[in-house]
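Hi,

Here is the structure I promised to pass on. Have a look at it first, and then read my notes below.

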Amino acid sequence: DSAAVYFSSNEGREFGALTRYDVASGKLEVIAPGAPAGADVENVELCGANGQYLLWTENRDGFDTLKGWDRTANRALAMPQLPEGKYRLDCEGSPAKLLVTVNGWATPGAIWIVDPAGGTAREVFAPNLAGIDPARLIRPQVVRYKARDGVELQGLLYLPAGAKRGAGAPPVLFDVHGGPSGQSAANFEPVAQYHAGRGLAVFQPNVRGSTGLGRTYSTLDDREKRLDSVRDLVDLKAALAKDGLIDGSRAAVMGGSYGGYMVNAVLAEYPGEFAAGVSLFGVADWITALEIASPALKAADRIEYGDITEPKWREFYKVNSPIRKAGQIRVPVLYSHGVMDPRIDIYETEVMVKTLRANGIDAPFIRIPDEGHGWRKLANQLFYFRKQAEFVEQQLGLAAGE
């Protein structure tokens with residue numbers, strides 16, 4: 001009836017809670033069932049006669065849970081069990097039907113119809129997995145470790161089938177998400193599954209600055225604290241190795257976009273920690289990258305990185321951009337970039353390649369003419385990721401996978 005709006009808000013709290021805004025009074029009210037500890041409320045939907053059903057998801061460590069509330073009966077709804085992963089919701093009709101799109105570690109894309117009143121669900125579209133045996137897909141496990149300064153870090157670890165703990169632990173590929181305000185979650189990760197299926201452990205870290213782990217956590221990499229998140233990669237590698245889950249002496253790091261910056265940065269800031277790097281369309285020089293950003297990105301960039309038009313921040317990034325410390329990179333790095341990239345100019349990769357090669361460092365470069373910010377075409381994906389696997393496995397001394 002347009003009297004109120006329901007949404008998720010983390011105002012005055014660490015995690016997004018189900019919140020009601022009364023239009024007439026301007027009052028905000030946190031709805032009790034939507035204020036979980038350690039989980040963000042997302043995907044809020046209101047549907048049914050007179051807005052009877054309030055539906056949402058709770059994101060805990062990258063795994064979604066479906067929740068519901070009957071506003072007429074003032075009670076929680078019994079929600080059915082759905083495949084693990086991330087959900088998108090759309091509720092319509094009378095009687096109300098909830099469409100849930102599931103993207104999970106074993107579910108590339110499925111559609112379920114949920115009856116909010118009865119708490120039942122039926123799958124109306126199932127992925128065929130293109131002939132892949134679902135038993136070969138690996139469930140990521142959530143791990144948590146303390147950084148050297150006491151901040152608790154989190155990530156998702158894919159261990160290959162038959163992985164041993166301690167002596168004989170598998171080599172690892174760190175897969176750093178972009179953003180930086182992003183989150184590695186339990187959605188379908190074909191590249192991670194591909195590498196794990198070939199014998200590599202794959203670790204997707206949610207270093208400080210990532211979302212989904214509290215409002216304060218998402219700010220811990222802002223501005224002068226940028227390199228603290230880079231250091232987290234080193235601390236996480238050490239913790240995983242100490243736990244016997246990976247072979248820390250055989251570790252590579254990869255990432256795309258902002259994740260590509262993280263690869264450049266950790267190899268320059270902490271030489272000797274990783275045996276190889278894979279940087280996809282990443283940032284080399286924050287001065288040039290921030291100068292050419294779109295107006296929308298620049299607005300957010302001022303919070304994350306500072307205002308590049310100010311002398312203070314130009315001086316900061318003259319020192320603290322990967323290209324300024326590229327002379328410290330001592331391991332091979334595979335670079336790639338789409339020629340038509342509208343977000344990060346291909347110059348950012350070209351300057352790293354030229355600098356490393358001039359320093360005598362192996363820096364193969366895959367330049368893709370018909371792609372932008374990421375690989376969209378299947379032919380390019382099949383070509384590139386085979387090359388990536390070949391490079392990483394060669395650098396880590398891993399026998400050819402199946």
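One term to start with: I call a residue buried when its relative accessible area is under 20%, exposed when it is over 50%, and partly exposed in between, using a 1.4 Å probe and protein chains only. This is a predicted model, where local features need pLDDT of at least 70, side-chain atom pairs count only at pLDDT 80 or more, and totals for chains, interfaces and linings use all residues. Residues are numbered from 1 along each chain as its sequence is written, and side-chain values use heavy atoms, with hydrogens and water left out.

Let's begin with K86. Is K86 buried or exposed? K86 counts as buried because its relative accessible area is 19%, and the cut-off is under 20%. K86 sits in strand β8, residues 86-92; strands (E, at least two residues) and helices (H or I, at least four) are DSSP runs numbered from the N terminus. Its side chain makes a polar contact with the side chain of D64, at 3.0 Å. (A polar contact is a pair of N or O atoms within 3.5 Å; within protein, one must be able to donate a hydrogen and the other to accept it, and residues adjacent in sequence count only if both atoms are side-chain atoms.) Not counting residues up to four places away in sequence, K86 also touches others, including E42, N59, T101 and N187; contact here means heavy atoms within 4.5 Å.

C47 is buried at 6% relative accessibility, and C91 is buried at 4%. The link is right-handed, with 60° about the S-S bond.

Next, the pockets. On a 1 Å grid over the protein atoms alone, a pocket is an open set of points where a 1.4 Å probe fits, with protein on both sides within 12 Å along at least five of seven lines; lining residues have an atom within 4 Å of a point. The largest pocket has a volume of about 1,600 Å³, meaning the space filled by probe spheres set on the points, which are joined across faces, edges and corners. Its lining has 49 residues, of which E189, P190, V191, Y194 and F385 lie nearest the centre. Helix α1 gives the most to that lining, with six residues.

Helix α1 covers residues 190-197, and V191, A192, Q193, H195 and A196 in it are buried. What covers these buried residues includes β13 (152-158), β14 (172-176), β15 (201-206) and α8 (378-396). After α1 comes G199, with a positive phi near 105°.

The second largest pocket holds about 430 Å³ of space. It is lined by 21 residues, with G179, P180, L297, D301 and Y305 nearest its centre. Helix α5 provides the largest share of this lining, five residues.

Last, L356 in helix α7 (residues 347-358). L356 is buried, with a relative accessible area of 0%. Leaving aside neighbours within four places in sequence, L356 is in contact with A326, I329, V333, Y335, I361 and A363.

Cheers

Note on methods: A disulfide is a pair of cysteine sulfur atoms within 2.5 Å.
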